[in-house]
Amino acid sequence: MPARNVERNSPRISARNLVRTSAAFALATSLAISPLATRITANADDQPLLGYSADNSRTERQWEEKLRAIPSTDNLRAYMQHLTAHPHNVGTPYDKEYAEWIAAKFKEFGLDTHIEQFDVLYPTPKERVVELVEGGPKFTAKLQEPALAQDPTSNQQNEQLPTYHAYSIDGDVTAPLVYVNYGIPEDYEQLDRMGVSVKGKIVIARYYHSWRGIKPKVAAEHGAVGCLIYSDPHEDGFVQGETFPQGAWRPKDGVQRGSVADMPFYAGDPLTPGVGATKDAKRLKVEESPTITKIPVLPISYGDAQPLLAALTGRVATGEWHGGLGQTYRIGPGPAKVHLKVKSNWDIKPVYDVIAKIPGSSAPDEWVIRGNHHDAWVNGAEDPISGMDAVIEEARAMGELLKQGWKPKRTIIFTAWDGEEPGLLGSTEYAEEHYDELRKHAVAYINSDTNGRGYLFIEGSHTLEKFTNEVSKDITDPETKLSAWKRDQLREIATAHSSEARQEARQRADLRIAALGSGSDYTAFLQHDGIASVNLGFGGEDGGGIYHSIYDDFYWYTHFSDTDFVYGRALAQAAGTMVMRLADADLLPFEFTNFSDTIQMYIKELKALATKSREDALERNRELEEGVYSATTDPKQPLAAPPAETVPTYLNFAPLDNAADTLSHSAAEYHKAYEHAIANGNTALASASLSEVNALLIESERKLLTAEGLPNRPWFKHQIYAPGFYTGYAVKTIPAVREAIELKQWKQADEAIEVVAKVLQSESDLINSAAAKLSAATSSH
Ligand SMILES: [Zn+2]
């Protein structure tokens with residue numbers, strides 16, 4: 001379940017950031033001419049890696065080169081062929097069999113491996129009906145993806161999970177239909193102005209512009225009794241390109257399955273929030289779970305949606321509301337009346353997490369964790385096996401190096417999660433069950449989910465931004481032979497929306513990484529446990545219209561995606577290098593100037609958002625007084641004026657500004673201490689006792705959490721990153737403040753500013769301690 005239907009945010013920059021950025025750039029340049037660095041800069045590769053002494057850096061580079069030489073495209077192809085031969089969603093025989101197969105592989109590579117089981121609520125379809133009962137020719141939706149002669153696994157109908165939305169409540173409703181565009185909050189504001197109510201109606205929304213689970217949530221909040229979500233060819237079908245099997249895009253009867261549990265409220269098993277779903281765990285009753293939808297919902301293909309949409313009359317949906325079906329779109333309500341029935345088997349099913357360890361030699365209590373999920377909606381070649389493939393090859397490569405004498409300092413844990421698709425089940429239950437020990441020991445969590453051709457996308461904790469930039473400079477892009485970093489930089493220049501953004505892409509020492517919201521297995525590690533996390537994968541060049549359908553299989557992948565698996569190898573190289581470099585570092589490669597620069601950027605965005613909200617309210621009220629709305633509406637297509645708004649009071653950002661200043665000062669102090677340690681010669685980092693500094697660095701992400709969590713959703717504890725309550729996967733940074741501003745809750749926004757300021761203050765305190773300890777530990781050398 002990667003964030004495929006969310007556009008990746010391109011970070012916005014400002015004049016102020018550019019100033020800060022060039023300061024960071026100058027700092028990086030001064031590092032390069034430190035005495036030690038000049039001595040060994042004959043080859044840029046000889047520049048010590050972040051957190052390494054010069055000698056240990058050279059040794060590390062040798063091991064990393066060996067590591068990157070091992071992953072084999074033949075193996076990646078063979079693993080994928082095996083792991084996609086049958087549908088393997090939760091609760092199926094192949095889900096278990098593949099988990100055992102992956103565990104056997106890890107064992108074969110010499111890793112200490114076991115399977116950890118949890119028991120989770122996992123509904124599967126029992127009855128599904130969508131029919132047009134009035135207002136047009138009688139029509140019953142197929143709700144079935146046909147087998148294709150070319151595609152050898154598409155005919156496994158007895159093993160395929162039917163098309164449905166996991167965690168839709170059961171329901172049997174018949175009501176007039178309303179087309180609600182993407183079904184996001186702005187669309188309902190527009191419907192209000194059109195005078196269209198969805199109360200007592202069934203809505204039909206197209207996919208995109210929010211995570212799918214938001215659509216039934218918002219529909220229910222507006223009084224709808226049922227919800228259909230379909231893949232419109234405008235975003236996901238023939239408008240984008242040739243459809244499968246001739247091309248990569250979604251065919252007429254292709255359906256996107258998916259979870260609709262309210263994961264922005266809490267992730268994982270709906271019955272065991274906050275605790276591992278072990279045999280004896282205390283469970284909510286199904287009807288008590290707050291994350292199951294309030295109204296029944298089903299996904300349909302555009303083949304099934306077309307006759308329903310054609311039977312709508314009423315206002316014509318123009319502009320942004322018009323889809324790609326090549327017919328006039330109308331909003332209704334009715335006369336089309338739809339019968340929607342959803343009934344599931346509400347069973348408890350096992351999930352099988354595969355856990356494999358390489359014990360650390362000198363710091364076994366510090367854990368570097370690497371994972372991808374193994375469960376799929378159906379055969380799942382792209383999602384998840386293209387990512388799982390890389391994890392298996394990384395484990396094999398490290399097993400080889402262990403035999404050659406490599407000894408990682410820290411413990412490495414490879415994981416293959418189950419139950420990611422229905423609700424991040426396996427990873428969340430694991431992160432909840434092992435909460436205390438993970439908070440004590442986990443250094444970082446490195447995630448992938450899917451992989452394809454193109455650019456290396458990296459998202460994650462900004463304390464690791466410099467580190468991930470350093471790694472991506474060592475990865476070769478298979479198509480251009482540039483480094484993955486260079487290709488990313490050139491793409492940023494090509495796609496920048498302003499000259500400032502272009503300048504930043506050219507000059508900033510590090511490319512910005514996007515923040516993590518939700519949508520894959522890092523969620524519980526980052527948002528609930530406070531473990532610095534990174535998500536990565538290649539993509540951006542493949543067409544994709546098979547997401548969560550029966551056509552996401554070996555045939556599709558080997559015809560339309562990374563057909564020769566060279567990007568699978570590049571992913572294994574990139575993630576494997578990250579894991580190895582974190583596991584072997586003298587000093588953990590956390591870095592805080594990029595983090596504090598990012599925080600400054602977020603605060604600037606929040607101020608702009610508050611200002612805009614204020615100005616918009618003033619402008620709207622003024623236009624209401626002037627009669628703008630009543631004068632410009634077409635009486636034959638009337639659009640009601642929006643309601644007047646209360647003009648917000650000014651927010652007090654001073655606590656946040658002060659905390660951010662303190663943070664940037666602490667970040668600079670730590671940087672100075674690090675620079676000093678490097679300048680102190682080769683031995684300082686290698687022989688100093690850095691365990692106390694490393695222990696503080698491990699804590700640095702934990703400090704960004706509060707025990708109380710976010711307002712109204714305490715499971716999400718991170719105060720810098722969270723999935724949006726009304727957007728789903730897409731991240732909201734400094735979420736308590738940002739969402740309060742978006743929801744025009746000014747008092748809450750002011751309170752949240754105080755909370756986040758305290759969090760940043762305690763982060764600064766920790767960074768100061770780390771700087772002091774680093775200076776003390778390295779000055780004696
Ligand atoms: Zn996935």
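**Figure 1. Strand β10 (residues 363-373) and strand β11 pair in the parallel sense over 8 bridges.** The structure shown here and in the following views is a predicted model. Within this pairing, Ile369 stands opposite Ile413 in β11. The chain passes from β10 through helix α10 (residues 381-403) to β11, and the β-α-β crossover formed in this way is right-handed. Strand β9 (residues 337-358) is also joined to β11, by 5 bridges, and these two strands run antiparallel. Lys357 has Ile413 of β11 as its bridge partner. Strand β11 covers residues 410-417 and is mostly covered, for 8 of its 8 residues are buried.

**Figure 2. Helix α10 links strands β10 and β11.** The helix has 23 residues and reaches 31 Å from its first C-alpha to its last, close to the 33 Å expected at 1.5 Å a residue. Of these 23 residues, 20 are buried, so α10 is largely enclosed by the rest of the structure. Pro384 has its place in this helix, and the peptide bond that joins Asp383 to Pro384 is cis, with omega about 15°. Just after α10, Gly405 takes a positive phi of about 110°. In an α-helix there are 3.6 residues a turn, so residues three or four places apart point the same way.

**Figure 3. Val338 is a buried residue of strand β9.** The relative accessible area of Val338 is 0%. When its neighbours within four places in sequence are left aside, Val338 is in contact with residues including Val130, Glu131, Leu132 and Val133. Among its other contacts are Val173, Thr174, Ala175 and Leu177, as well as Ile202, Leu228 and Leu308. Thr293 lies 45 residues from Val338 along the chain, and the C-alpha atoms of the two are separated by 19 Å. In the loop between α9 and β9 is Pro335, and the peptide bond from Gly334 to Pro335 is cis, with omega near 0°.

**Figure 4. Helix α7 (residues 214-221) is largely enclosed by the rest of the structure.** The charged end of Lys217 sits over the ring of Tyr726, 5.4 Å from its centre. Just after α7, Gly223 takes a positive phi of about 95°.

**Figure 5. Phe238 and Tyr302 form one of the 20 aromatic pairs found in a search of the whole structure.** The ring centres of Phe238 and Tyr302 are 5.7 Å apart and the ring planes stand at 80°; because this angle is over 60 degrees, the pair is edge-to-face. Phe238 lies in the loop between α8 (233-236) and β7 (258-259), and Tyr302 lies in helix α9 (residues 302-310), so the pair ties together parts that are 64 residues apart in sequence. Phe238 is partly exposed, with a relative accessible area of 42%, whereas Tyr302 is buried at 4% relative accessibility.

**Figure 6. Tyr445 and Phe525 form a stacked pair.** The centres of the two rings are 4.4 Å apart and their planes are at 20°; because this angle is under 30 degrees, the pair counts as stacked. Tyr445 lies in strand β12 (residues 442-447) and Phe525 in helix α17 (residues 522-528), so the pair ties together parts that are 80 residues apart in sequence. Tyr445 is buried, with a relative accessible area of 0%, and Phe525 is likewise buried, at 0%.

**Figure 7. Ring pairs link Phe244, Tyr551, Tyr555 and Phe560 into a cluster.** In a separate arrangement that involves a ring and a lysine, Lys66 lies over the face of Trp63, at 4.5 Å from the ring centre.

**Figure 8. Leu143 and His548 each have a positive phi, although neither is a glycine.** For Leu143, phi is about 50°. Leu143 is found in the loop between β2 (139-140) and β3 (165-166) and is buried, at 5% relative accessibility. For His548, phi is about 60°. His548 has its place in the loop between β14 (533-540) and α18 (554-560) and counts as buried, at 3% relative accessibility.

Definitions and conventions. Residues are numbered from 1 along each chain as its sequence is written. This is a predicted model: local features need pLDDT of at least 70, side-chain atom pairs count only at pLDDT 80 or more; totals for chains, interfaces and linings use all residues. Side-chain values use heavy atoms; hydrogens and water are left out. Rings of Phe, Tyr and Trp (its six-membered ring) pair if their centres lie within 6.5 Å; planes under 30 degrees apart count as stacked, over 60 as edge-to-face and the rest as tilted. Helices (H or I, at least four residues) and strands (E, at least two) are DSSP runs, numbered from the N terminus. Buried means under 20% relative accessible area, exposed over 50%, partly exposed in between (1.4 Å probe, protein chains only). A charge sits over a ring if NZ of Lys or CZ of Arg is within 6 Å of the ring centre and within 35 degrees of the ring normal. Two strands pair if DSSP finds at least two bridges between them. A crossover is right-handed if, with the strands pointing away from the viewer, the path from the first strand over the helix to the second runs clockwise. The expected span of a helix is 1.5 Å times one less than its number of residues. Contact means heavy atoms within 4.5 Å.
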